[in-house]
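Student: I have a model open and want to go through its packing. Can we start with the terms?

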Amino acid sequence: MNQRVSYYEIVPDGMKIMMDMEKYMKMTAIERKLRELIKIRVSQINGCAYCLNMHSADARKMGETEQRIYCISAWQECEFYTEAEKIALELAEHVTLIPTKRVPEELYQRVREHYDEKQYVDLVLIINQINSWNRISIAMGNTATEK
């Protein structure tokens, strides 16, 4: 990976907080593959190649199919995502694009048909976490490299 600044070395306390949040995310009831799909979709919206590369690879390691990874940007038109996954992806888009989309009450109510209050908060935290990572990665000049 290429980057402008060795931010883990320069601000280890700040990066520890980010990594602690990652540990929390793994303890939520939100399914692993869905967490990765959210990370991929948000990274697409934000244009973060580094995170797209990483989370697509992570999703594959978890057994996610190529079809579901490739089609995530058009999830609305696909029958191979569950309704719960679709609503989580819709929430991810709304939170990521919050200046223009917001999170209307109607969307919140549809999310709650599939997820309880804690899961709703966890979804919002997962979405915010990848948005933060995207912004850090882009600002630090991280680039995707071939393995």
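Tutor: Contact means heavy atoms within 4.5 Å. This is a predicted model, where local features need pLDDT of at least 70 and side-chain atom pairs count only at pLDDT 80 or more, while totals for chains, interfaces and linings use all residues. Residues are numbered from 1 along each chain as its sequence is written, and side-chain values use heavy atoms, with hydrogens and water left out.

Student: What does Val111 touch, not counting residues up to four places away in sequence?

Tutor: Ile87, Leu91, Tyr120 and Leu123.

Student: How many residues are in the largest nonpolar core?

Tutor: That core has 34 residues. A nonpolar core is a set of buried Ala, Val, Leu, Ile, Met, Phe, Trp, Tyr and Cys residues joined through side-chain atoms within 4.5 Å; buried means under 20% relative accessible area, exposed over 50%, partly exposed in between (1.4 Å probe, protein chains only). Val111 and Leu91 are among the residues with the most contacts inside the core.

Student: Which element gives the largest share of this core?

Tutor: Helix α9, with seven residues. Helices here are DSSP runs (H or I, at least four residues), numbered from the N terminus.

Student: New topic: Asp122. Buried or exposed?

Tutor: Asp122 is buried, because its relative accessible area is 2%. Asp122 lies in α9 and, leaving aside neighbours within four places in sequence, contacts Tyr24, Thr28 and Ile30.

Student: And where is Arg41 found?

Tutor: In helix α3, residues 32–46. With a relative accessible area of 13%, Arg41 is buried. Beyond four places in sequence, its contacts are Ile72, Ser73, Trp75, Leu89 and Glu93.

Key
Helix = DSSP H or I, 4+ residues; strand = E, 2+ residues; numbered from the N terminus.
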